[in-house]
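Good morning, and thank you for coming.

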Amino acid sequence: MAELANATDITFSRPPATASTWSRHAHLAFEPGNATTSVAPQGTDRVDGQVIRDAYVAVFAVTPGTYLHDAPNETTLAVPPNGTVRGIIDYRLALGNTTLANQSVGHRIDEVRLLVNETVIARTNGSHRPILEYNLTGRSAMLTLEANITAQVEGPLPRSNNTSGTNASVGNSTTSSAPSTGISEETITVRATRSVRVYRLDPLLRTVRYPDGDIGVAVAQIEPWQGYSFGEREHVRSVWRYYTASDGDWDQLIARNSTGTTTIDAPSRPVAVHAYPSEIGPQARPTGGSIDMVRTWGTRSAPPVLGTHILVDVVEQPYNTTWGIETRHETIGEQVTVSGVVRGVNTTLSVTDAEQTIRQSELSLRVLDHTDDGVRLLATLREAASGDPIFLGEYDRPPTGPITIPDREGSLTIAGQTVETNESGMAVVTVADSGAYSARYHPESWLTQDVAYTPATASTRWHPLMNPLEWLWLAVDALVWLAPLLLAVFAGRTLSRLFTGSRYS
């Protein structure tokens, strides 16, 4: 395992639960500073007041959640509608001299709030490690952790030029002092914001029955999704695979006090799930008889660029985002479970019966006639059970009125030529050379037609000598060509007899 870990990162076929578990324990293990020291992850912007210094709030983790790497320079944090936000808050007091230290009455984190798009949805008592639950609507949201930090000192607040305003990470901050019975009070509000994508599953399920009794299943989901399953054994995976990684901003902590800063290796750090398009691509398990991957569809996207320290089988060429997957099964159960790329986001769809039936098609091919210019081949495409023709052309419709008969998108190839059948299900092509010919019917997907058919093939061959009449003409032609030679031989033999007979008479 050590050698494997050095060579590559361990990947998963589904979002693992270990990331949330690790982050939960790491959050509890975080050790804040004290009244004279503030401990923050590197790169964190801090707010200074007159007494309160190096104050901040940081989003430690949003769980469950998955970072989607679906395109170059695009990473999105996808979270379920319901989840948990864990934060870290710390600060210190500017008690740089003995007199001011003796004047300190108290300090505290008053309240922590969670806002969604600037609306407060949850509150909790002051804590260095706040935990708040959320419930989101819509497709995207701005999650904001906001906290009030208060310090009290005896007498007036010391004058300072260090009060800061708004900065990118912490957000708006305010300071105020309110003398009360000889005690001055300062309150600072710190903020940290995280943009998230609200992840939901809204899949569509279609099923069909093949002539041999197999069941076709197609599931489509516009959002990236993990795949679907039938019970414990049969699983269908999309292009997405997963790995876990810690947040690099929390690798080292910076402790600040009145005399300077100290770098500390973080004893614990948040871990997140990352989803990436894999070179393995969509897969069905188990393969070989019980389940077959028929096709996938989606949009083409440029491959994402992961960090140089991430060693996984990410795609290196444009890939299919796998909106939909179609598979074929010998049997299926009564339910299909569709799973998302965010852990815990699943939905179950009922399979009451096959929605439609794929009908057996029948294709024949024969030589219609031939001329000096070539051979005409006639293909006939019909439904096997009823004998009804399968028309692949465009229907003639009146200029107005509803369209009741859809055009078919299937195709028929005969001797390498793509043709359409007429309303009698027939098509004629002309070939120049003799030989063997084949025809193949490529039906459109059953997902796009109310009546769907199976593929079909047919073949025939033609050579001039295969026709009895051609043998007769060949004999006549041979006699015509051989007549002079035969006459010469006959004449020679006759003259030979004449001369030989007169010589010995």
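This is a predicted model: local features need pLDDT of at least 70, side-chain atom pairs count only at pLDDT 80 or more; totals for chains, interfaces and linings use all residues.

**Thr327 and its surroundings**

Leaving aside neighbours within four places in sequence, Thr327 is in contact with Ile215, Gly216, Val217, Tyr228, Val236, Ile291, Asp292, Met293 and Val294; contact here means heavy atoms within 4.5 Å. Residues are numbered from 1 along each chain as its sequence is written, and side-chain values use heavy atoms, with hydrogens and water left out.

Thr327 belongs to strand β23, residues 324-329; strands are DSSP runs of E of at least two residues, helices are runs of H or I of at least four, and both are numbered from the N terminus. Is Thr327 buried or exposed? Its relative accessibility is 0%, and therefore it counts as buried. Buried means under 20% relative accessible area, exposed means over 50%, and partly exposed lies in between, with a 1.4 Å probe and protein chains only.

The side chain of Thr327 makes two polar contacts that I wish to mention: with the side chain of Tyr228 at 2.8 Å, and with that of His329 at 2.7 Å. A polar contact is a pair of N or O atoms within 3.5 Å; within protein, one must be able to donate a hydrogen and the other to accept it, and residues adjacent in sequence count only if both atoms are side-chain atoms.

Let us now follow Tyr228. Tyr228 stands opposite Val338 in strand β24. Strand β13 (residues 225-230) pairs with β24 (residues 335-340) in the antiparallel sense over four bridges; two strands pair if DSSP finds at least two bridges between them. Six of the six residues of β13 are buried, so this strand is largely enclosed by the rest of the structure.

β13 is also joined by four bridges to strand β14 (residues 234-237), and these two run antiparallel. In β14, Arg237 is the bridge partner of Gly227. β13 and β14 form a hairpin with three residues between them, and in the turn Gly231 has a positive phi of about 75°.

Finally, I turn to strand β1, residues 38-41, which is covered on both faces: Ser38 and Ala40 on one side, and Val39 and Pro41 on the other, are all buried. β1 pairs with strand β16 (residues 252-257) in the antiparallel sense over four bridges, and Leu253 in β16 is the bridge partner of Pro41.
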